Amino acid sequence: MRNNTYTFLYLFFILNITQAQTISDNFQGTGTITSWVGDDCGMDSNFNNPFQSGINTSTKVLKYADTGGQYANVRFDTASNFNLTSNSIFSLKIYVPSSGITGNQTNRISLKLQNGLLPQPWSTQCEIIKPILLNQWQVITFNFATDSYINLNGGSPNPLYRSDFNRVVIQINGENNTNQVVAYLDDFLYAFSNPPVFNNLVWSDEFNGSGAVNSTNWFHQTQLPAGGSWYNNEVQHYTNRQINSFVNNGFLNIVAKRETFTNQGQTKQFTSARLNSKFAFKYGRVEVRAKMPTGIGTWPAIWMLGKNIIEPGAFWTSTHGTTSWPACGEIDIMEHWGNNQNFVQSAMHTPSSFGNTINKGGQTISTVSSQFHIYTLEWTTERMIFSVDNVVHYIYNPTVKNASTWPFDAEQYFLLNIAIEPTISASFSQSSMEVDYVRVYQESALSNSEEVKLNDIKVYPNPVTDNLIIETNNNLLGINVKIYSILGQEINSVFLNEQQNSIDVSHFQNGIYIVKIETVDGIKTFKIIKN
């Protein structure tokens, strides 16, 4: 294994995120929202419900009165930024009496997410617009994973990939007009659970040393499928020869070569290697640091298949094979094509969409074949998040999860290979995919009851811009702090000591960070927002 590329960060966190959090308001005095603000409109968040009927018989509601303001809306800010990959759904009840409307605006409600810390919070907002009916209570939901959304700034990414939203803005019947509207809002709800922290390394191959691939970890899959050709019209033989797969100076090399090779009664003009891991798992974070080959017609991949697959010649089939592809599920962590040199893709294959699947996303990496990059999958019970060097490019989170869309509640194993397509360049001789390491992290085995309250630690300010101050008592000195990105990737670990109580975080990227504090008594996790 080569040098780890993580930057050393020194950061402590103040907001406890070990429990599920809910942002809600029923306007009865028990909600968690205390900062409703009306812009260019009248607002009363303790108004007697004038329409106690149907699905809403509560006594109190929020009254929204647009008396002609061009940009009338109500809003609130949150202490923690929204994590839309954990939950993307906002809901509320609304009643709009027809008697309170002037003009001819389309009857609708908008929910906008903004960064309230910007001088112009609307400049990077994301908005969902829903139609409403008059003269009745109704529940409106806004799902930033599945609903059509509008980015005011066309250059803004998919809202699921953002972590800078901390403001909710609600607007009735549009803006930039002087028409009037009265509306009543109730039972606002956004409930989310924090993503699991995958911080426990459960399996890895660091490819230390030189020589043959470690047979304890890997199996060479060489048996040709029925008909004598590999899938997708690939034209190579996969071999178990060291010339096609070996470890050298801390790296795994999978080598695709132009050479005449006969095996299993079939002569082919190219060879390569296809490795199956002898390790399978369910849920966790996968990190693979690798560098891609070059050459039109090369097709390297870092991917996974269900341990239950029926595929002659695959390592797990003889002992666990019960299900054919794609019902076993396929997770393509990274695919690269030599005819699209700087593009990498992640994809999902399930009975609902396979082959030329619609479930995919990718990004351009200009140095994909000249430098090493970290390809990451985070797999939870709800979603798959794919990234390269912490830049997310695809999230798979089907609304309905069943055997057709989500065969991912069972163990999967790794495959590493380079396939050769029929379009292989006439000038191609050989090229390698180099892999520095493959790592799998899962949640710590410690239960919630084993976490302790570290009330003696005080960390401020939060959010923080420049310097983070840590105060603690002497008996907690020397605690180990492990730092993670919001996606759960471990950044670094550090020990607190007597000399350190102010940490410069000015150079950190804006966003949310997570920490696990370990002491002899137990652990606790925290988070902080860096502005």
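Q: Is Cys 328 buried or exposed?
A: This is a predicted model, where local features need pLDDT of at least 70, side-chain atom pairs count only at pLDDT 80 or more, and totals for chains, interfaces and linings use all residues. Residues are numbered from 1 along each chain as its sequence is written, and side-chain values use heavy atoms, leaving out hydrogens and water. Buried means under 20% relative accessible area, exposed over 50%, and partly exposed in between (1.4 Å probe, protein chains only). Cys 328 has a relative accessible area of 3%, so Cys 328 is buried.

Q: How does Cys 41 count, buried or exposed?
A: Its relative accessibility is 16%. Cys 41 therefore counts as buried.

Q: How many disulfides are there?
A: A disulfide is a pair of cysteine sulfur atoms within 2.5 Å. By this rule the count is zero.

Q: Why is strand β5 largely enclosed by the rest of the structure?
A: Strands (E, at least two residues) and helices (H or I, at least four) are DSSP runs, numbered from the N terminus. β5 spans residues 60-66. It is largely enclosed because, of its seven residues, the number buried is five.

Q: Which residue of β5 is the bridge partner of Gly 42?
A: Two strands pair if DSSP finds at least two bridges between them. Strand β4 (residues 42-48) pairs with β5 in the antiparallel sense, over five bridges. In β5, the partner of Gly 42 is Ala 65.

Q: Which are the edge strands of the six-strand open sheet?
A: The sheet runs in the order β3-β6-β12-β8-β9-β11, with antiparallel pairing. An edge strand here pairs on one side only. The edges are β3 (37-39) and β11 (150-151).

Q: Which residue of β6 does Asp 39 stand opposite?
A: β3 and β6 (residues 73-77) pair in the antiparallel sense over three bridges. Opposite Asp 39 stands Asn 73.

Q: Which element gives the largest share of the lining of the second largest pocket?
A: On a 1 Å grid over the protein atoms alone, a pocket is an open set of points where a 1.4 Å probe fits, with protein on both sides within 12 Å along at least five of seven lines; lining residues have an atom within 4 Å of a point. This pocket holds about 580 Å³. Of its 27 lining residues, the closest to the centre are Asn 232, Trp 299, Trp 325, Glu 330 and His 349. The largest share, four residues, comes from β22.

Key
Points joined across faces, edges and corners; volume = space filled by probe spheres on them.
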